[in-house]
Amino acid sequence: MKRTLLGVVVVAILAMAPASTLSAQGIRWGVNAGVLMPMGDYNTADKPGWIVAAGATNWLPGGMLGIRGDLSYGQTKHDSAGGSTKIVGGMASLVYGLGSSSASMRPFVTGGVGVYNVKVDVTGLGSGSETKVGFGVGGGVMIKAGTGGMRIVIATRFTSIGTSGFSTTFLPITVGLTFGK
């Protein structure tokens with residue numbers, strides 16, 4: 001619960017931060033939401049769910065390579081048993097933008113490592129959770145929206161968390177908005 005509260009506080013701070021302050025520091029920040037698609041063993045137990053996230057990217061000089069930090073919270077429901085799986089965590093990534101940063105559509109690829117807490121609740125049996133390291137690789141596209149620095153971002157990132165017994169793997173498919181430089 002404390003980790004979830006911390007994540008909500010950080011997301012709220014990012015959402016309230018003035019875009020001009022972050023832009024002046026060369027940081028692009030944003031929020032996104034979408035579908036969390038369980039994969040592998042996780043898929044045999046849970047249905048697709050939802051995910052929300054916030055993050056920021058500091059694009060290095062030249063604008064092709066960036067360093068990104070993300071915080072996310074997702075939830076899925078079990079297929080047959082009552083209950084849910086909740087995943088909260090953060091990831092540090094490298095982002096490589098393909099093409100010019102001024103292009104109207106700019107694809108990107110990303111890869112990183114993070115720390116996640118996976119909590120499984122089963123109705124009538126209780127719950128258990130563990131915090132483990134995870135990694136992710138993915139990509140997406142940034143689309144200019146208007147004349148300012150706002151972009152619509154459509155992205156996905158295969159994520160695997162080394163939980164006990166089997167890896168918790170999933171594919172979030174998200175749509176979001178970013179602001180800044």
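Predicted model: local features only at pLDDT ≥ 70, side-chain atom pairs only at ≥ 80, totals over all residues.

Me: Which residues are in contact with Phe170, once its neighbours within four places in sequence are left aside?

Reply: With those neighbours set aside, Phe170 is in contact with Leu36, Met37, Pro38, Met39, Tyr42, Ile87, Arg157, Phe158, Thr159 and Ile161. Several of these names return in the largest nonpolar core, whose nine residues are Leu36, Tyr42, Ile51, Ile87, Met91, Tyr116, Val118, Ile161 and Phe170 itself. Two or more residues of this core come from E4 and likewise from strand E5, which spans 105-122. There is also a second, separate core of six residues, among them Trp59, Phe108, Met142 and Val153.

Me: What makes a group of residues a nonpolar core?

Reply: The members must be buried residues of the types Ala, Val, Leu, Ile, Met, Phe, Trp, Tyr and Cys, joined through side-chain atoms within 4.5 Å. Buried residues make up 38% of the 181 residues in the protein.

Me: How is the protein laid out along its sequence, and how many helices and strands does it have?

Reply: The protein has three helices and eight strands, and, read along the sequence, they follow the pattern α-α-β-α-β-β-β-β-β-β-β. Of the contacts between residues at least 6 apart in sequence, 55% join residues at least 24 apart.

Me: Why are E6 and E7 called paired strands?

Reply: Two strands pair if at least two bridges are found between them, and strand E6 (residues 126-144) is joined to strand E7 (residues 151-161) by eleven, so the term applies. The two run antiparallel, and Gly139 stands opposite Thr156 in E7. Six residues lie between the strands of this hairpin, where Gly146 takes a positive phi near 90°.

Me: What makes E7 and E8 a pair as well?

Reply: The requirement is again at least two bridges, and nine of them join E7 to strand E8 (residues 168-180), so these antiparallel strands also count as paired. Val153 has Gly176 in E8 as its bridge partner, and in the hairpin of E7 and E8, with six residues between the strands, Gly165 takes a positive phi near 85°.

Me: How do you know that Asp70 and Arg68 form a salt bridge?

Reply: The rule asks for a side-chain nitrogen of Lys or Arg within 4 Å of a carboxyl oxygen of Asp or Glu, and the N to O distance between Arg68 and Asp70 is 3.0 Å, so the pair qualifies. Asp70 also meets Arg157 in a salt bridge, at 3.4 Å from N to O. Asp70 lies in strand E3 and Arg157 in strand E7, so this second pair ties together parts that are 87 residues apart in sequence.

Me: Why are Asp70, Arg68 and Arg157 called buried?

Reply: Buried means under 20% relative accessible area. Asp70 is at 9% and therefore buried, Arg68 at 16% counts as buried too, and Arg157, with 17%, is likewise buried.

Me: What is the state of Lys86 and Asp121, which also form a salt bridge: buried or partly exposed?

Reply: Their closest N and O atoms are 3.7 Å apart, and the pair links distant parts of the chain, with Lys86 in strand E4 and Asp121 in strand E5, 35 residues apart. Lys86 has a relative accessibility of 26%, which places it between the limits of 20% and 50%, so it counts as partly exposed, whereas Asp121, at 19%, counts as buried. By the salt-bridge rule the count comes to four, and bridges that share partners join Arg68, Asp70 and Arg157 into one network.

Technical notes
Residues numbered from 1 in each chain as written. Heavy atoms only, no water. Helix = DSSP H or I, 4+ residues; strand = E, 2+ residues; numbered from the N terminus. Buried < 20%, exposed > 50% of the residue type's maximum accessible area, 1.4 Å probe, protein only. Contact = heavy atoms within 4.5 Å.
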